Amino acid sequence: MEKPFAITLDVGSSLANKTGSWRTHRPVYVDRLPPCNNQCPAGENVQAWLYLAEEGRYEEAWRKIMEENPFPAIMGRVCYHTCETACNRGALDEAVGINGVERFLGDQAIKYQWRVEAGAPTGKRVLVVGAGPAGLSCAYHLARRGHAVTVLEGSDKAGGMVRYSIPKYRMPREKLNAEIRRIVDMGVEIRLNSPVEDLCAAIAHHGCDATFVAVGAQRGRHLQLPSTARVPVLDAVQILRDLEREEAVPLRGRVIVYGGGNTAFDVARSAVRLGAIESLVVYRRTREKMPAHRSEIREALEEGVTLRCLSTITHVGDGVLTAERMELDAKGQPQSTGETETIVATTLVLALGQDADLGLLSGVPGVRVADGLVEVDRNLATGAVGIWAGGDIVPADRNATVAIGHGKKAARQIDAFLRGEVLRRPVKHELASADKMNTWYYSDAPRAIRPILEAVRRTSGFAEVVGDYDEGTALYEARRCMSCGNCFECDNCYGVCPDNAVIKLGPGKRFEFNYDYCKGCGVCISECPCGAIARIPEAI
Amino acid sequence: MEPQIIKFYQTGSFAVGNRLLDDSQRSVQADMRRSNSLNSGHRACQGCGEALGARYAIDAAMQATKNQLIAVNATGCLEVFSTPYPETSWQLPWIHSLFGNAAAVATGVAAAMRVKGREEVRVIAQGGDGGTTDIGFGCLSGMFERNDDVLYICYDNEGYMNTGVQRSSATPPAARTSTTATLGADPGNVFGQGKFVPAIAMAHEIPYVATASVAYLRDLEAKVHRAMSLRGARYLHIFVPCPLGWGAASEDTIRLARLVVETGLFPLFEAEHGEVTGRYHIRNRVPVEEYLKLQKRYAHLFGKRPAVDTIGRIQAMADRNIRRYGLLGEEA
């Protein structure tokens, strides 16, 4: 071809120049583990369901929760949401209101009657003892995997401690019933009023291939107090149980609750609602050391419950209790001072913790019990082949969320056992810690406040205290999630690359690096808001 | 208490895109069909702010003009790394003549288009701070005073980086370059010299003058769009960090372009006919040390005996900008 004067070469494109050869480090897309997911005792993939909720895909978000936890409406109320404490957004403004969004999704599911189908039948049968959160969670996950499940429950209603120790103002019963019914609708058989005395006999009777024991810790600890007296001494667990059965509960006059856990406050707050003149919680250590959750203490104080910390009850007299003042020693342990005072009392309620009644396990070969708890391995297997245990009867934190996690874990193990497989633990992803994020990009957005019933209206009945998020607020709160460690398609990497070396694959498909041209500058890594790109050295 | 409903999109408009926003509300750079005016394979250093700034600006101008665009380039990094003969990274008609005459050549191209009756074809002239504030300054001022129909874009990396990091009239005080050594009583570039060309452009009372930074993409694109909606002489001054010349880590390019704005050292504003019509309000004000300490060209200010006085004088420059341009918004 004829070329102009002094021109000897055709016009070429710089695409011939593969600048990828300059690279000493390469960017790689990763999914890191968000702190909320890492923290959740039930193993929920919180970030993933918030991601779906952000787009208004509520049913998909709900189904994402249901892969791990069958009780979003319950958890959205009674879970102490340690995920929110772990949330990276807490350092920016305030943690995302994960618990409120979960509750919104759980309630949507009940409103629109979303269902989960059981898996294709495997012909295997599993016996679950105890219809509390652990047992029902296990039954649900086994049903999803196609196993037939029979749940034996000693009481006349399912729900375990969620029903029998959490009052209605925290856990409305229609929501609890709806979530249990959904599991029954999957074909899980719950036999009520069927206490198990002898596990071996029950296994033989029901002819099952595996067993999960989660009978809970239901026996209130007792304390022998020197007494000369007619002040009735009651058990907190029994009171909450009677309240649920709508039987008469003697919480009148001056009610003194001894103990500092959540159960103590549940009783004290119930006493206020039943018209007690005084509702006093006596605890031997300081308020900071109380095992009860902060929100529980705060709401109780708002309702008129009073506290007397650093105090032990030493004697029960006629209409009065003797309390001794305590002091904390250098180790933070309470020590007696010898100084006493009297407290006017109509009723004393003991809320000193609960023990498990493990009589049903006494004849089972291989199952060992130590300190009132069943010994299990990290997979919740007992010493007997085919028997797993979880919830409050094994050594772990005692709350509903942990129990639900136990149920799921046991179900996975039982499923693998029944299929003759060994479950492989998935490799845990690297934690998406705050230092891997670039939070500049997130809009400033303070947390939405959940409506709280006014204290005056709370104390006159058992109406639910903490209100719902409406849709707009739930969506807003979901969108406050920073998607720590997981790409949310903000296009930053695609935009900030000086070399056009990021390929955008389209909505929902994320991005790819074009390593032919990526020079490895790392701008995409430092400008990724959520820390979903890792820097890997090249083999040179 | 009624919960408040707030329209909120997770990252707002700070990030390049946002999957929760409608396509029409996203940035040009978020678009899978963006023109990539400056294509892959160019020979700019790792993390080059100028390569990034040029693609941001020209892609936005391409979209605003429906691809009817011609670019005139001054000599400098941008020209050298994008067009080693016979390759080119440019995906639009592009011409280079001399170091100092880009504004004059652009005036000529615009005149030619007018004579041919092709007034829909728009012209951009572009160069670095050397070709703009020093060598090409006479041609630039002439283009302004004649009000020729050209948008001139200066990519300011504060020195002659292509030829070995020499000082320009845009090099800031105290910065080390190969011609302002860190020796003597006042090491680095001296205080009280240099010029801020956006203010000089405003003095010409041309239709549009704006400053931008590669860390604020949406702002930058909006300014290019505004400029292309007007006729006559227009000037856009874009702050583009240079990892090589500044001794900064390549991954810090955007961080530096953000910090220079958040400290107040580089004001983001726009002006029409000599009057300031808009300014960016600092979102998260930081002291100048945050910006300076990431760059080796300021390393002599830190270490065992920090040059507190010098840092104080740089802070005073930031404070003066904040006052002069009202960068703190209503709170101030």
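Glu299(A) is part of α13 of chain A, a helix that spans residues 294–302; helices (H or I, at least four residues) and strands (E, at least two) are DSSP runs, numbered from the N terminus. The model is predicted, with local features needing pLDDT of at least 70, side-chain atom pairs counted only at pLDDT 80 or more, and totals for chains, interfaces and linings using all residues. Residues are numbered from 1 along each chain as its sequence is written, chains are lettered from A and ligands numbered from 1 in the order in which they are written, and side-chain values use heavy atoms, with hydrogens and water left out.

Glu299(A) has a relative accessible area of 9% and is buried, where buried means under 20%, exposed over 50% and partly exposed in between (1.4 Å probe, protein chains only). Setting aside neighbours within four places in sequence, Glu299(A) has contacts with Arg269(A), Arg458(A), Val465(A) and Val466(A); contact means heavy atoms within 4.5 Å.

In soluble globular proteins, nonpolar side chains tend to be buried together. A nonpolar core is here a set of buried Ala, Val, Leu, Ile, Met, Phe, Trp, Tyr and Cys residues joined through side-chain atoms within 4.5 Å. The largest one has 95 residues, and Ile58(B), Ile153(B), Tyr155(B), Ile238(B) and Tyr291(B) touch the most other members. Helix α1 of chain B (residues 49–64) gives the largest share of this core, 9 residues. A separate second core holds 93 residues, including Leu50(A), Phe104(A), Ile180(A) and Val196(A). Beyond four places in sequence, the contacts of Ile153(B) include Ala57(B), Ile58(B), Leu236(B) and Ile238(B).

Strand β8 of chain B (residues 269–272) has Phe269(B) and Ala271(B) on a covered face, and Glu270(B) and Glu272(B) on an uncovered one. Two strands pair if DSSP finds at least two bridges between them. The pairings of β8(B) are as follows.

| Partner strand | Sense | Bridges |
|---|---|---|
| β6(B), residues 208–213 | antiparallel | 2 bridges |
| β9(B), residues 275–279 | antiparallel | 4 bridges |

Glu270(B) is the bridge partner of Ala210(B), while Ala271(B) stands opposite Val276(B). The hairpin of β8(B) and β9(B) has 2 residues between the strands, and His273(B) takes a positive phi near 50° there.

The second largest pocket is lined by 45 residues; Gly43(A), Glu68(A), Lys408(A), Arg412(A) and Pro426(A) lie nearest its centre. A pocket is an open set of points on a 1 Å grid over the protein atoms alone where a 1.4 Å probe fits, with protein on both sides within 12 Å along at least five of seven lines; lining residues have an atom within 4 Å of a point. Helix α14(A) supplies the largest share of the lining, 9 residues.
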